[in-house]
2 protein chains.
Amino acid sequence: MKLATLKDSTRDGKLVVVSKDLTRCSEVGHIARTLQAALDDWEHVSPRLALVAEGLENGAQPYARFHEHDAASPLPRAYQWALASAHQGQPLIRQGASDSFIGPRDAIALADPAHGLDVEGDVAVITGDVAVGASEEDAKDAIKLLLLVNDLSLSGLDAGEADAGGLCIRPKPSSAFSPVAVTPDELGDAWHGGKLHLPLLVSLNGKPVGKADASAGFDFARLIAHAAKTRRLTAGSIIGSGAAPGAQADGAAKTLSLKAGDRVSVEIRDRTGHSIFGAIDQLVN
Amino acid sequence: MKLATLKDSTRDGKLVVVSKDLTRCSEVGHIARTLQAALDDWEHVSPRLALVAEGLENGAQPYARFHEHDAASPLPRAYQWALASAHQGQPLIRQGASDSFIGPRDAIALADPAHGLDVEGDVAVITGDVAVGASEEDAKDAIKLLLLVNDLSLSGLDAGEADAGGLCIRPKPSSAFSPVAVTPDELGDAWHGGKLHLPLLVSLNGKPVGKADASAGFDFARLIAHAAKTRRLTAGSIIGSGAAPGAQADGAAKTLSLKAGDRVSVEIRDRTGHSIFGAIDQLVN
């Protein structure tokens, strides 16, 4: 099942089910108005959304054209966005700002060139409820959706504030996520061991700059269990895999430094060449 | 106006308007089901809530008894929780976990005594929407509500993860907020210069352990403008003032180290001795 959120006049947008080929979508306001509402009651809501998805594929379901540029980030705002990084082989998970994500085709506003801008494409998951102390097995079951993220950092500000003890609020502007989020079953055998085994295609100004392995980050089940060690995670939490130990070595492909006028895109294609999540494609201005 | 969220079967609880003396409350589901819904449309909703508050004081409004122990944190989950601290006289604002707060009378579950537990009572504000680059004047206008917070840290875990570059997710379990959040006008002349000029009363196992000055932290207008320097803040963002430069000197009164069986309470009283926000009162187990 593939889900997207269309921009509308509301803060949380409008949930739609999207066809596997990303060309058609169906409104599902009668089932759940927003993706957060669906996640809040996933056990009851997701089977109903799956029936709509089935109808979209077999022609039984009324549909509209789906345009990736009409999509907001699947959760335009979320209760949690946490991003992993590696430290001495262990995951470290930091809290990011989740109150206002920008859309996958929205421009990145760089207020001051001196702030610098680093972008890192990544895979993330959206969880259901995770109990405190959850096992890795429970954590794996809590993975409801996967999506892509363009994680932004203002490297110029970061340098100063990082010295002062870590990731602060100012160097982290709003991130953008892929137009579409998908359930793990959409990924077939490319999804195993808590990782997505496909190349992450990153382009700068239309030219490919790297095929980072999307499975280079930590196993998501391990990350979620790690994050839930001391408190529960609420449905709709987004967890990013970050870079695995050693993955920083191919940094050119993972982290890009951008300036005004640059355009960055991030996408993952399946083994037949079709885009799975749609493309994040953002201009810096 | 004083607002609270009563626990019910939903994730976000039920918004009520509370009388100034914290003894009575009125349901306002016909105006806004939840505090987040009220904040999402504050300009239209708050005048209607204010009429209910007026009716509660003059006897025109039907009411029920208000019991602080029935209250959840005013926002049981929020899109943002950011806490300031001081570094070389400048504010540093870090993102905290906001996906699941515990209630003001809920026990603090300490999974492992080796994790350690530090508690710091503090004042926080809930903002409306704040535009990127907002002035301090605009930031001041964006302060919709004030409340108290019990900010928890697992000092045993923190020591290890702090070395690795800052505030990570595991050392920060869910915080609790006061039973009631109040609009700035409820604070009279104790609210000026973006600070609340009253003592923060902290007790450990029923004994007062300090009267930290609630105005010791940074000016909230400055903090909000600082946080909004590189991105907008969405309505319902909670910002904590943290400790001001130098305030760490009276650390004993601000930060407490707790163990299982301890009970901590945090409250602020007005100049006539009445509790403004109700009391956070939590047992560690």
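**Reading the interface**

Tutor: The copies meet through the same surface, because 100% of the interface residues of chain B are also interface residues in chain A; contact here means heavy atoms within 4.5 Å. This is a predicted model, in which local features need pLDDT of at least 70 and side-chain atom pairs count only at pLDDT 80 or more, while totals for chains, interfaces and linings use all residues. Residues are numbered from 1 along each chain as its sequence is written, chains are lettered from A in the order in which they are written, and side-chain values use heavy atoms, with hydrogens and water left out.

Student: How many residues does the contact take from chain B and from chain A?

Tutor: Chain B contributes 45 residues and chain A 45 residues.

Student: What is the area buried between chain B and chain A?

Tutor: The size of an interface is often given as the accessible area lost when the parts come together. Here the buried area (accessible area, 1.4 Å probe, lost on joining and summed over both parts) is about 4,000 Å², and carbon and sulfur atoms give 52% of it.

Student: How many salt bridges does the rule find across the interface of chain B and chain A?

Tutor: A salt bridge is a side-chain nitrogen of Lys or Arg within 4 Å of a carboxyl oxygen of Asp or Glu. Eight are found across this interface. One of them joins the side chains of B:Asp129 and A:Arg11, at 2.6 Å from N to O.

Student: Which element gives the most to the side of chain B that touches chain A?

Tutor: Strands are DSSP runs of E, at least two residues long, and helices are runs of H or I, at least four, numbered from the N terminus. On that side, α1 (35–40), β6 (80–87), β7 (90–96), α4 (155–163) and α5 (220–227) of chain B each supply at least two residues. β7(B) gives the most, with five residues.

Student: What rotation superposes chain B on chain A?

Tutor: The superposition is by least squares on C-alpha atoms of residues with pLDDT of at least 70 in both copies. A rotation of 180° with 0.0 Å of shift along its axis brings chain B onto chain A, with RMSD 0.0 Å. The two copies are therefore related as by a two-fold rotation axis.

Student: Where does pLDDT stay under 50 in chain A?

Tutor: pLDDT is the predictor's confidence in each residue, from 0 to 100. It stays under 50 over residues 244–253 of chain A.

Notes:
Buried area = accessible area lost by both parts, 1.4 Å probe.
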